[in-house]
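Please keep the sequence and the structure in view while reading.

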Amino acid sequence: MEALNTSGPTVGAQHDKFVVSTDEDVGALRRGVAEVAARTLGTRAARAALAATELGTNLLRHGAGGYVLVRPLVAGLELLAVDSGPGMPPGARTLGMVPHASPSRGDPDGGDPDGGDPDGGDPDGGDPGRRPTKGLGVGLSAVRRAATVFDLYSTTRGGSAPAGTVVLARFLEGPPRPGWCRWGAVNVAIEEGGISGDGWAVSALPLLVSVLVVDGLGHGREAGLAAAAAVSAFGADPSANLEELVRRAHEAMRPTRGGVLAVCSVNPELGELRYGAIGNISGMLLNDRTSQRLLGRDGILGTSLVPPSPRVNSYPWSPGAVLVLASDGLRSSWDPLAYPGLLSHDPAVIAAVLQRDYGRPNDDATVLVVCDLRASNHLDVGAGNIPAIQGETGQAAGAGQTEPPLLSGPARTSA
Ligand SMILES: [Mn+2]
């Protein structure tokens, strides 16, 4: 098992949502991304802004509109372009994912979920100086080259899942680290530009990954303060046992309006997931294409003198397992198995798909996904990527701090 960064917990900032339905929206998105990138990215800031423009334009042209979620990372930025459009035919998906021919990259074919371009060619003609001439997928191909991590998931009409596309482009300054799991999340406020009342955090030690999802009562700023209190308590000692984590979160939330939460820990060597939830957070564990709902108990933290005691349950965790946690901003019928092949994608993509299709219009929504990478069912999203995990603390406003769920990959030499 490879060493993980142990510098501290990862605390996820919320995503800012930019609805894209006009050309003006694309401009606003680009400016918003440039502003964040100026703070969190150095040399790659311009690439991120360009990628945002491409993603926004692509939404208008092919997705009939949609939205882009933007999240600052400690030294990076994450973009998720989301639409409920007709979806991309498999060929177009390949255009977005096909390894770019570059001697410096050494891309394996494994980065392409559709099996690779049959001739191994480059969708843009392989010449970085040449203008793209093909339609759908060419803008995405440019985004793919510019991003540190790229992933795409698309479903067309008539299948078992709703149609639509999610594109992930993550820009990182530093080199990511390898590890046995990766995670991602989406946390969006009800209102565009609003503060989310949800929060999440992940702590990754080599043999213990601990996770928190919290939903402050109600929504907006006050709910965000309650969530942030729980996140801080978790961050102080994320390796504590789950009963203790709940008790500390309760104490920390007492000056606030309170909330509900789920905490869990994964020990990959023991093959065990421990899970405890108080109130309306839903959890699902997926092992070998079978799914299991995780059990919590009713209650609210922070509102009474005596902390509610969680009933901590233990579940078997095997290589390739996927954990999904969601606040009640998602309708409870959410089911990742309804989406063909979704579980092999980047956790942030899984989270964005579920939030798109099951999110309620009247609440903040958080979905957090942890994927165990010790089985072959996970794609190397972005050619040559070594899935990685990293824990590092950074400061951010609202419900917490921020840190990328990372995939490592070779530095891109062309943009
Ligand atoms: Mn809620």
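Which residue in β11 stands opposite Val 266? The model is a predicted one, and in this model the residue opposite Val 266 is Leu 273. The strands involved are β10, residues 259-267, and β11, residues 272-278. They pair in the antiparallel sense, over 7 bridges.

Both strands belong to an open sheet of 6 strands, ordered β1-β8-β9-β10-β11-β14. The pairing in this sheet is antiparallel. In general, the strands of a sheet pair through backbone hydrogen bonds, either parallel or antiparallel. Here the edges are β1 (10-12) and β14 (313-316), each of which pairs on one side only. On average, neighbouring strands of the sheet are turned by 15° against each other, with direction ignored.

| Helix | Residues | Lies across | Angle |
|---|---|---|---|
| α5 | 221-236 | β1, β8, β9 and β10 | about 160° to β9 |
| α6 | 242-253 | β10 and β11 | about 150° to β10 |

Of the strands that α5 lies across, β8 covers residues 198-205 and β9 covers residues 208-216. Strand β10 lies under α5 and also under α6.

For the chain as a whole, the model has 7 helices and 18 strands. The protein chain holds 415 residues, and 57% of them count as buried. Among contacts between residues at least 6 apart in sequence, 71% join residues at least 24 apart.

Notes. Residues numbered from 1 in each chain as written. Predicted model: local features only at pLDDT ≥ 70, side-chain atom pairs only at ≥ 80, totals over all residues. Helix = DSSP H or I, 4+ residues; strand = E, 2+ residues; numbered from the N terminus. Buried ≥ 20, exposed ≤ 12 C-beta atoms within 10 Å, placed from the backbone. Contact = placed C-beta atoms within 7 Å. Pairing = 2+ DSSP bridges. Axes fitted to C-alpha atoms, helices over the stretch in contact; angles between N-to-C directions.
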